[in-house]
Amino acid sequence: HAVPAEVRTPGSLAIPALMLNDIVKRANGADVSLKFDPKNDTLDIVSGKAKFRLPCLSAQDFPNVHELGVVKASFNADIATFMGLLETTKHA
């Protein structure tokens with residue numbers, strides 16, 4: 001999905017996506033401000049009166065999936081097992 005944004009300083013970083021998703025969902029359409037603090041390697045998130053601080057990692061520490069090419073994999077699992085796998089790894 002794409003969302004309109006005003007980008008003041010372009011850059012890249014890695015943050016816990018599940019936490020960010022939960023924060024943005026709770027904003028209920030309100031403006032969300034993101035500001036990287038390089039001194040503490042954190043992302044400050046503000047929406048209304050709510051304020052959050054998430055730990056960050058350097059994006060360079062992760063492989064560029066576009067450079068890896070197409071990765072194909074398949075497996076068979078019952079739905080309960082599959083949902084259990086997703087539940088235990090959704091933080092990753």
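Buried means under 20% relative accessible area, exposed means over 50%, and partly exposed lies in between, with a 1.4 Å probe and protein chains only. Ala 27 counts as buried because its relative accessibility is 12%. The structure is a predicted model, in which local features need pLDDT of at least 70, side-chain atom pairs count only at pLDDT 80 or more, and totals for chains, interfaces and linings use all residues. Residues are numbered from 1 along each chain as its sequence is written, and side-chain values use heavy atoms, with hydrogens and water left out.

Helices (H or I, at least four residues) and strands (E, at least two) are DSSP runs, numbered from the N terminus. Ala 27 sits in the loop between helix 1 and strand 1. Its C-alpha atom is separated by 9.4 Å from that of Val 46, and the two residues are 19 residues apart along the chain. Ser 12 belongs to the segment before helix 1. Ser 12 counts as partly exposed, at 49% relative accessibility.

Two strands pair if DSSP finds at least two bridges between them. Strand 1 (residues 33-37) pairs with strand 2 (residues 42-47) in the antiparallel sense, over 5 bridges. Phe 36 stands opposite Leu 43 of strand 2. Asp 37 has Thr 42 of strand 2 as its bridge partner. Strand 2 also pairs with strand 3 (residues 50-55), again in the antiparallel sense and over 6 bridges. Here Leu 43 stands opposite Leu 54 of strand 3. Ile 45 has Phe 52 of strand 3 as its bridge partner. Strand 2 is largely enclosed by the rest of the structure, because 5 of its 6 residues are buried.

Both hairpins contain a residue with positive phi. The hairpin of strand 1 and strand 2 has 4 residues between the strands. Asp 41 lies in this loop. Asp 41 has a positive phi of about 50 degrees, although it is not a glycine. Most residues other than glycine have a negative phi. At 42% relative accessibility, Asp 41 counts as partly exposed. The hairpin of strand 2 and strand 3 has 2 residues between the strands. In that hairpin, Gly 48 takes a positive phi near 65 degrees.

Charged contacts follow. Side chains of opposite charge can pair when their charged atoms come close. A salt bridge is defined as a side-chain nitrogen of Lys or Arg within 4 Å of a carboxyl oxygen of Asp or Glu. The structure holds 2 salt bridges. One joins the side chains of Arg 8 and Glu 6, at 3.2 Å from N to O. Arg 8 and Glu 6 are both exposed. The other is formed by Asp 44 and Arg 53, whose closest N and O atoms are 2.6 Å apart. Arg 53 counts as exposed, at 52% relative accessibility.

The surface carries a nonpolar patch of about 600 Å². Patches are made of residues with over 30% relative accessible area and no salt bridge; like charges are joined within 9 Å, and nonpolar side chains (Val, Leu, Ile, Met, Phe, Trp, Tyr) within 5 Å. Accessible areas come from the Shrake-Rupley method with a 1.4 Å probe, and for residues only the protein chains shown count as cover. Phe 75, Ile 79, Phe 82, Met 83, Leu 85 and Leu 86 make this patch. Phe 75 lies in the loop between helix 2 (65-68) and helix 3 (79-89). At 54% relative accessibility, Phe 75 counts as exposed.

The largest pocket has a volume of about 1,300 Å³. Of its 27 lining residues, the closest to the centre are Ala 5, Glu 6, Val 32, Ser 33 and Leu 34. Helix 1 (17-26) and strand 1 are the elements that give two or more residues to the lining. Strand 1 supplies the largest share, 4 residues. On a 1 Å grid over the protein atoms alone, a pocket is an open set of points where a 1.4 Å probe fits, with protein on both sides within 12 Å along at least five of seven lines; lining residues have an atom within 4 Å of a point. Grid points are joined across faces, edges and corners, and the volume is the space filled by probe spheres set on the points.
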